[in-house]
Amino acid sequence: MSSIKSTNVDHSSETSVTAISQRLRAWVESHFESISAWIEAMGIPQPAASAYLNGHRTPGNKTQARLRDLGCDIEWLMTGRYVGKGALVKDSVANYADSV
């Protein structure tokens, strides 16, 4: 009887809470003088901000809307994918090529 060795490999995706919090922290640090300044701009309680930045919680719709208002690319934040100028066209062409 053969046995399959099980390994504990982390297969978390770019949409994991940890990955989202890392991107959010990077964005905040590059766009605000301090975490406090970001919290004030967001108008959210400090415990909620800490939960987002420390990977305990992901931003919901209202928080995402506020982040978008402050200039954050929500697609990038939530998925890790940057949909910049030309990216949609490139993806569309690749998807079309795969379908023919």
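**Entry 1. Helix 2 against helix 3.** I looked up how helix 2 and helix 3 (residues 46-53) meet: their axes come within 10 Å and cross at roughly 115 degrees. Axes here are lines fitted to C-alpha atoms, for helices over the stretch in contact, with angles running from 0 to 180 degrees between N-to-C directions. Helices are DSSP runs (H or I, at least four residues), numbered from the N terminus. This is a predicted model, in which local features need pLDDT of at least 70 and side-chain atom pairs count only at pLDDT 80 or more, while totals for chains, interfaces and linings use all residues. Residues are numbered from 1 along each chain as its sequence is written, and side-chain values use heavy atoms, with hydrogens and water left out.

I noted that helix 2 passes helix 3 in a right-handed crossing (the near helix is turned clockwise from the far one by less than a right angle). Helix 2 contributes I35, W38 and I39 to the contact, and helix 3 contributes Q46, A49, Y52 and L53; contact means heavy atoms within 4.5 Å.

**Entry 2. Helix 2 against helix 4.** I then took helix 2 (residues 35-42) with helix 4 (residues 61-69), whose axes come within 10 Å and cross at roughly 110 degrees. That makes the two helices, helix 2 and helix 4, roughly perpendicular (65 to 115 degrees). This crossing of helix 2 and helix 4 is right-handed. I listed W38, A41 and M42 on helix 2, and T63, R66 and L67 on helix 4, as the residues that make the contact.

**Entry 3. Helix 3.** I asked which residues of helix 3 are buried. They are A48, A49, A51, Y52 and L53, buried meaning under 20% relative accessible area. These buried residues pack against helix 1 (17-31), helix 2 and helix 4. Just after helix 3, I found G55 with a positive phi of about 75 degrees.

**Entry 4. The core.** I examined the largest nonpolar core, a set of 18 residues; such a core joins buried Ala, Val, Leu, Ile, Met, Phe, Trp, Tyr and Cys residues through side-chain atoms within 4.5 Å. L24, W27, V28, W38, L67 and L77 touch the most other members. Helix 1, helix 2, helix 3 and helix 5 (74-79) each give two or more residues to this core.

Not counting residues up to four places away in sequence, W38 touches L24, W27, V28, F32, I44, A49, Y52, L53 and L67.

**Entry 5. L77.** I located L77 in helix 5. L77 is buried, with a relative accessible area of 0%. L77 and L24 are 53 residues apart in sequence and 6.4 Å apart in space, C-alpha to C-alpha.

Technical notes: Angles under 35 degrees count as roughly parallel, over 145 as roughly antiparallel, 65 to 115 as roughly perpendicular and the rest as oblique. Buried means under 20% relative accessible area, exposed over 50%, partly exposed in between (1.4 Å probe, protein chains only).
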